[in-house]
Amino acid sequence: MPTEFTEFMVNNQSSGALIISRKTALETVIEELILIWSVTTEEWINRIAKVPL
């Protein structure tokens with residue numbers, strides 16, 4: 001997916017993408033999503049990140 005996301009960003013803008021392993025505990029995912037939600041949206045434009053950060 002990172003390759004496809006990079007190709008997409010060449011001609012488009014994205015609000016960001018998160019890669020979350022199925023092995024990651026649900027509590028961790030929720031905590032990380034709340035942390036991400038609390039930052040400004042401009043920080044996540046065209047960004048790809050793995051959870052946990």
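Tutor: Residues are numbered from 1 along each chain as its sequence is written. In this predicted model, local features need pLDDT of at least 70, side-chain atom pairs count only at pLDDT 80 or more, totals for chains, interfaces and linings use all residues, and side-chain values use heavy atoms, with hydrogens and water left out.

Student: How many helices and strands are in the protein chain?

Tutor: Two helices and two strands. They run α-β-α-β from the N terminus. Helices (H or I, at least four residues) and strands (E, at least two) are DSSP runs, numbered from the N terminus.

Student: Why is L26 called exposed?

Tutor: Exposed means over 50% relative accessible area, buried under 20%, partly exposed in between (1.4 Å probe, protein chains only). L26 has 57% relative accessibility, so L26 counts as exposed. L26 is found in helix α2.

Student: What makes E7 exposed?

Tutor: E7 has 54% relative accessibility, and therefore counts as exposed. E7 has its place in helix α1, residues 2-11.

Student: How do you know that E32 has no salt bridge?

Tutor: A salt bridge needs a side-chain nitrogen of Lys or Arg within 4 Å of a carboxyl oxygen of Asp or Glu. For E32, the nearest side chain of opposite charge is R47, 8.8 Å away. Lys and Arg count as positive, Asp and Glu as negative; His and the chain ends are not counted. E32 is also buried.

Student: Which residues is E32 in contact with, leaving aside its neighbours within four places in sequence?

Tutor: V51, P52 and L53. Contact means heavy atoms within 4.5 Å. E32 is found in helix α2, residues 26-38.
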